[in-house]
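This briefing covers pockets and helix packing. Please consult the sequence and structure shown below while reading.

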Amino acid sequence: MEVFLLFMLYSFFGCVLEEGYHFLLNGRYMSKRMLLNLPLCPVYGIAALVLAAVNRTANPILLFFNGFFAISAVELAYYLISQRIYGIKWWDYSELKLNFMGGISLFYSVMWGVLNILFGLWIHPFFWGWIKDLPREAGLVTGLFAAVYFLADLRDTHEELMKYKRGEKNLIDKRFLYIKPNN
């Protein structure tokens, strides 16, 4: 249950990070959620769990390379899978120099490396300690509630994304205006 709670926490903070980044770039709020109702970006949760598994050092140089390669791999896999299943791109780096298939770019890979130094040294140890210190019952109830809501939301999102892929009118048109059809 602790791993799932970390996934939810990192998916939420990834959404906050993404929306804050886009606000700074564009001067306006833009929802960058990848689920319909919950403010979550699951790619961040997945990437954080991968980093938690591979980060076995406090050496900033190794943390940088862990973040650079591990997050780039997760990002590319998520990008390709979402294209294959739903025919969409949650992001597109094809206009950036030194990108690969539009799914990863050198610029963002470097940024992931830098962020992993912060994540590996301070962020994950803090949240892991906080989650581990939760009373067992509280963690279980919170995790089960979050899992039920997450799975229901995931089911609804999947159905709406499949409608979108078939060209049917749906909630995706209103909630995810930033996604690009896969060409």
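In which sense, left-handed or right-handed, does H1 pass H5? The crossing of H1 past H5 is left-handed, a term used if the near helix is turned anticlockwise from the far one by less than a right angle, with right-handed used if clockwise. The model is predicted, so local features need pLDDT of at least 70 and side-chain atom pairs pLDDT 80 or more, whereas totals for chains, interfaces and linings use all residues. Residues are numbered from 1 along each chain as its sequence is written, and side-chain values use heavy atoms, with hydrogens and water left out.

**Packing of H1 with H5**

- The axes of H1 and H5 cross at roughly 55° and come within 10 Å; axes are lines fitted to C-alpha atoms, for helices over the stretch in contact, and angles run from 0 to 180 degrees between N-to-C directions.
- H1 and H5 are therefore oblique to each other, since angles under 35 degrees count as roughly parallel, over 145 as roughly antiparallel, 65 to 115 as roughly perpendicular and the rest as oblique.
- Phe4, Leu5, Phe7 and Met8 of H1 are in contact with Gly139, Thr142, Gly143, Ala146, Ala147 and Phe150 of H5 (heavy atoms within 4.5 Å).
- This contact of H1 with H5 comprises 7 nonpolar, 3 polar and no charged residues; Ala, Val, Leu, Ile, Met, Phe, Trp, Tyr, Cys and Pro count as nonpolar, Asp, Glu, Lys and Arg as charged, and the others, Gly among them, as polar.

**Packing of H1 with H4**

- H1 and H4 pack at an angle of about 135°, their axes being 12 Å apart, and are therefore oblique to each other.
- H1 passes H4 in a right-handed crossing.
- The H1 residues that meet H4 include Leu5, Phe13 and Tyr21, and their H4 counterparts include Phe107, Phe119 and Trp128.

**Largest pocket**

- The volume of the largest pocket is about 1,000 Å³; a pocket is an open set of points on a 1 Å grid over the protein atoms alone, where a 1.4 Å probe fits, with protein on both sides within 12 Å along at least five of seven lines.
- Its lining has 38 residues (each with an atom within 4 Å of a point), and Gly14, Leu17, Glu18, Tyr44 and Trp112 lie nearest its centre.
- Two or more lining residues come from each of H1 (2-26), H2 (42-54), H3 (60-86) and H4 (106-132); helices are DSSP runs (H or I, at least four residues), numbered from the N terminus.
- The lining of the largest pocket has 28 nonpolar, 4 polar and 6 charged residues.

Definitions and conventions. Grid points are joined across faces, edges and corners, and a volume is the space filled by probe spheres set on the points.
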